[in-house]
Amino acid sequence: MSVVAADEPVVIIGAGQAGTLTAEALRAGGHAGPITLLGEEPHAPYHRPPLSKAWLAGEIGEAQLMLRAPEMLAKKGITLRTGTRALAIDRAARQVRLEDGSVLPYAGLVLATGAAPRTLALPGADAPNVLPLRSRDDASRIAVALARCAEAQWPVVVIGGGFIGLEVAATARKKGLQVTVLEAAPRLLGRVLAPMLSDWFAELHRGKGVELELQARIECIETEGGEAVAVRLTDGRRLPCGLVVLGVGVSANDALARAAGLACEQGIVVDACARTADPRIVAAGDCTARRLADGSLLRLESVHNATEQSKSAAAALLGQERPFTATPWFWSDQYERKLQMAGLSSGAEAWALRGELGGAAFSVFHYRAGRLIAVDSVNDAKMHLLARKLLDAGVSPAPEQAADAGFDLTGLLAR
Ligand SMILES: Cc1cc2nc3c(=O)[nH]c(=O)nc-3n(C[C@H](O)[C@H](O)[C@H](O)COP(=O)(O)OP(=O)(O)OC[C@H]3O[C@@H](n4cnc5c(N)ncnc54)[C@H](O)[C@@H]3O)c2cc1C
């Protein structure tokens, strides 16, 4: 039976990828009642991935950044309220309290509040030219700061060699800026990439002129007149800069859910169908931590996760079970290279390389306990799509087969 009757109101907190797609999935699934999509940002829903890539590089415009135009949502009878922050959830009264003091009643509530960039507890980290990158406004501030650095020939320091930090570094290099990336770990993207691929990415960036410091230890950010002018390392070195970009990860925005008494562990705890313990409340996207069958929690921050969970969340409010079981995938663009990752590589202990490392197209297969768990492809879109099929079907080619470019992996699916 449907949790929400066809004419009852649904409120969605967060007008990002997950919130917007949940609203549309509810309509597509037959919900006829009011749907209100609340977004605290002043913008209509937009795509976040280009913020560190084509948007920051100035290669795409407004229209390509937009996820859904307000008119399109209005046509579907979805009320978009931008610049509107939800302050609290009253589960007993089934109401959401907004910043302006008004309340919105709900029969079904979707939490799609995303995540917030982590900050650094370092002297100088609060200077106005030390900038995180999460929102469109953050990207605009970084774009202005990059232009200022280009003009004054000031170097840029990126703290954090994760995907966002590396994409910003690549974009800044494309603009001809001098860039240093500081990464605390001994390897780039060490928790997700095979050692050979993480070393290759380090060489890719160095080859493009990025100064890359692994195992970097930062003492402080030096300021003059309130602005960051250098990053000082604990070994005494001083890296002058006109901009510091922080790419040190995100934390789930779960404060509203926590205050409302919902279980949160580094994210709002949901099951495979995006349900919380309250049958009227579902959650989707970066704000969630998904409970897996073995009891562990999985936190993913990706477009695919937000998309899949939004379908599950809408289905749950409509009284259907739609577990998210598909193989997770992710991508990252750096220079002329597109990395596409299928599956989850944590715990991998053996790897097979298909193609030549650094060649025009190649893929790395991750194995745990002798079984394929993930495949990372570089400029190898065909293999990425095939890898998703293999992983979805639970088909595990032997490492020798994976490494043999002449071996037909597609044939394994047909068996
Ligand atoms: C720079 C960048 C590059 C990325 N690149 C990739 C990529 O290449 N591939 C990939 O798969 N993923 C990428 N991601 C991640 C991907 O964009 C996110 O996983 C996805 O946007 C998550 O969608 P979401 O709806 O859960 O959260 P969000 O898109 O963050 O949306 C949440 C929204 O909720 C709003 N909100 C929060 N609290 C409230 C409140 N109380 N009231 C009202 N509104 C509220 C927030 O302001 C925000 O607008 C990237 C992210 C960033 C920042």
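Trainee: Which strands form the open sheet with 5 strands, and in what order?
Mentor: The order is 22-23-26-25-24, and the pairing is antiparallel. Strands here are DSSP runs (E, at least two residues), while helices are H or I runs of at least four, all numbered from the N terminus. Two strands pair if DSSP finds at least two bridges between them.

Trainee: Which strands stand at the edges?
Mentor: Strand 22 (329–334) and strand 24 (350–354). Each has a single partner strand, so one side of each lacks a neighbour in the sheet. The twist averages 20 degrees from one strand to the next.

Trainee: Is this model predicted or experimental, and how are residues numbered?
Mentor: This is a predicted model: local features need pLDDT of at least 70, side-chain atom pairs count only at pLDDT 80 or more, and totals for chains, interfaces and linings use all residues. Residues are numbered from 1 along each chain as its sequence is written, and side-chain values use heavy atoms, with hydrogens and water left out.

Trainee: How many bridges join strand 23 to strand 26?
Mentor: 5 bridges, between residues 337–343 and residues 371–378. Leu339 has Val378 of strand 26 as its bridge partner.

Trainee: What packs on that sheet?
Mentor: Helix 9 (residues 381–393). Helix 9 touches strands 22, 23, 24, 25 (362–368) and 26. Contact means heavy atoms within 4.5 Å. The direction of helix 9 makes about 5 degrees with that of strand 23. Axes are lines fitted to C-alpha atoms, for helices over the stretch in contact, and angles run from 0 to 180 degrees between N-to-C directions.

Trainee: What about the open sheet with 3 strands?
Mentor: Its order is 4-5-6, again antiparallel. Strand 4 (86–90) and strand 6 (103–105) stand at the edges. There the twist averages 25 degrees from one strand to the next. Strand 5 (residues 95–98) pairs with strand 6 over 3 bridges.

Trainee: New topic. How many residues surround the ligand?
Mentor: 32, with Glu41, Arg48, Lys53, Arg134 and Asp286 the closest.

Trainee: Which atoms of the ligand lie 3.0 Å from Glu40 and Ala86?
Mentor: An oxygen atom lies 3.0 Å from a polar side-chain atom of Glu40. A nitrogen atom is 3.0 Å from a polar backbone atom of Ala86.

Trainee: Which elements give two or more residues to the shell?
Mentor: Helix 1 (17–28), helix 8 (303–317) and strand 22.

Methods: A residue is near a molecule or strand if one of its heavy atoms lies within 4 Å of it. A polar contact is a pair of N or O atoms within 3.5 Å; within protein, one must be able to donate a hydrogen and the other to accept it, and residues adjacent in sequence count only if both atoms are side-chain atoms.
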